[in-house]
Amino acid sequence: RKQAHRKLLHKTATVLQSYVRVRLAKKMVEKLKREAQIRKREEAERKARDEAERVKREEEERKAREEAERKAKEEAERKAKEDKKQRGVWAVVKLQAYWRGRKARKSKENTKKLKKIAKKLANITENMKKEDTVGARMKSALEILLDSKRLATVGHACKELARMTRILPLFCIEAVEQNAVGGLLELMQGCNRSLPHIEIVQNGLEVLRNISKCWRTAPHVYKHQLCAPVLLQVMQGYRDIPRLYRSVVSLLHHGVRHFPNFATQINESGEQVQRIKQISALLKRKLEAAKKVASNSRSRSAKEKYITLKKCAASTQVLLEALH
């Protein structure tokens, strides 16, 4: 009986063990299934996120590309309008010049004067040599500017270039083709406050101003990498010489107003904007002091100095407003 009872207990334990193992195995299988489903769901969610990010990134790239194309198109349209406007201005100027010339030639009062002028021109033409022509003088001035190291000859060449580029836009185009802009900027960068150097800077600014007035050559002035640094250096170094200061501020304002890339170049350099602000603050302090002196003095020179400083400060403020 004891033996039978022991066998029954052994059999019962075996059945219970088998049942427990089966239950544990089922729970393990269910756990593995749940983990697999979770992994599958997480993988699907990750793929969905990646796909959404990819679509979003492609959409942003598409929008950025469209925005860049739109800006490029607007810039091209703006340049085309400016070129058309400049060509129209040049056409009007030429027509006005032709009409004034025709009117002057038809006038009886000017007939005698014109005959005398024509006679003088005929005499000059007969005795003129090849090296005296404006083309030869222009070519010689460009060669001296780019090759010579003597201060006197370079100063004379700058003066000649200023005169020639003021006469004809064709000379502005020739000066740009011969890299006169880069040569002038490098020359002005090395100038000091001596009288010969001041004259060179003055003539160099006049050449740049003449070139910037021609719609074909103006972009070549403001896209040069030395343009902004050198003009700001001249602006700071010669701020107490009104004729130079106002000339360089006028050049900067023309570039900022008509060439957005030039304005962007200055704005991106915080140091250059800070220099202009410092010069403006200094001029305002000088203006206040000059105002007190002019109000308490009857001297004409004090009043003229106050008016000059007022014009310089106003032009600097206009430049800052154009930059912002």
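**Close-up 1. Glutamate 206 in helix α7.** With a relative accessibility of 18%, glutamate 206 counts as buried (buried means under 20% relative accessible area, exposed over 50%, and partly exposed in between, with a 1.4 Å probe and protein chains only). The residue belongs to helix α7, which spans residues 195-213; helices are DSSP runs of H or I with at least four residues, strands are runs of E with at least two, and both are numbered from the N terminus. Apart from neighbours within four places in sequence, glutamate 206 touches Ala162 and Arg166, where contact means heavy atoms within 4.5 Å. This and the other views show a predicted model, in which local features need pLDDT of at least 70, side-chain atom pairs count only at pLDDT 80 or more, and totals for chains, interfaces and linings use all residues. Residues are numbered from 1 along each chain as its sequence is written, and side-chain values use heavy atoms, with hydrogens and water left out.

**Close-up 2. Packing of helix α6 against helix α9.** Helix α6 covers residues 180-189 and helix α9 residues 227-237; their axes lie 10 Å apart at an angle of about 40°. Axes are lines fitted to C-alpha atoms, for helices over the stretch in contact, and angles run from 0 to 180 degrees between N-to-C directions. The angle makes α6 oblique to α9; under 35 degrees counts as roughly parallel, over 145 as roughly antiparallel, 65 to 115 as roughly perpendicular, and the rest as oblique. The crossing of α6 past α9 is left-handed, a term used if the near helix is turned anticlockwise from the far one by less than a right angle, with right-handed used if clockwise. From α6, Leu185, Met188 and Gln189 meet Cys227, Val230, Gln233 and Val234 of α9. Sorted by class, this contact of α6 with α9 has 5 nonpolar and 2 polar residues and no charged ones. Ala, Val, Leu, Ile, Met, Phe, Trp, Tyr, Cys and Pro count as nonpolar, Asp, Glu, Lys and Arg as charged, and the others, Gly among them, as polar.

Close-up 3. Asparagine 179 sits in the loop between α5 (169-177) and α6. Its phi is positive, about 60°, although the residue is not a glycine. Most residues other than glycine have a negative phi. Asparagine 179 has a relative accessible area of 45% and is therefore partly exposed.

**Close-up 4. Packing of helix α9 against helix α12.** The axes of α9 and α12 are 11 Å apart and pack at an angle of about 20°. At that angle α9 is roughly parallel to α12. The crossing of α9 past α12 is left-handed. On the α9 side the contact is made by Ala228, Pro229, Leu232, Gln233, Met235 and Gln236, and on the α12 side by Gln272, Arg275, Ile276 and Ile279. The contact of α9 with α12 has 6 nonpolar, 3 polar and 1 charged residues by class.

**Close-up 5. Glutamine 272 in helix α12.** Glutamine 272 lies in helix α12, residues 270-295. A relative accessible area of 12% means that glutamine 272 is buried. Leaving aside neighbours within four places in sequence, glutamine 272 contacts Ala228, Pro229, Leu232, Gln265 and Ile266.

**Close-up 6. Crossing of helices α10 and α11.** Helix α10 (residues 242-258) and helix α11 (residues 260-268) cross at roughly 110°, and their axes come within 5 Å. The two helices, α10 and α11, are therefore roughly perpendicular to each other. Their crossing is left-handed. Leu252, Gly255, Val256 and His258 of α10 make the contact with Pro260, Phe262, Ala263 and Ile266 of α11. By class, the contact of α10 with α11 holds 6 nonpolar and 2 polar residues, with no charged ones.

Close-up 7. The whole structure, when searched, gives 0 disulfides, a disulfide being a pair of cysteine sulfur atoms within 2.5 Å. Cysteine 191 is in no disulfide, and the nearest cysteine sulfur, that of cysteine 158, is 8.0 Å away. Cysteine 191 counts as buried at 14% relative accessibility. For cysteine 312, the closest cysteine sulfur is that of cysteine 227, 20 Å away and too far for a bond. Cysteine 312 has 2% relative accessibility and so counts as buried.

**Close-up 8. Lysine 40 in helix α1.** Lysine 40 is placed in helix α1, residues 2-106. Its relative accessible area is 64%, so lysine 40 is exposed. The C-alpha atoms of lysine 40 and lysine 26 are separated by 21 Å, the two residues being 14 residues apart along the chain.
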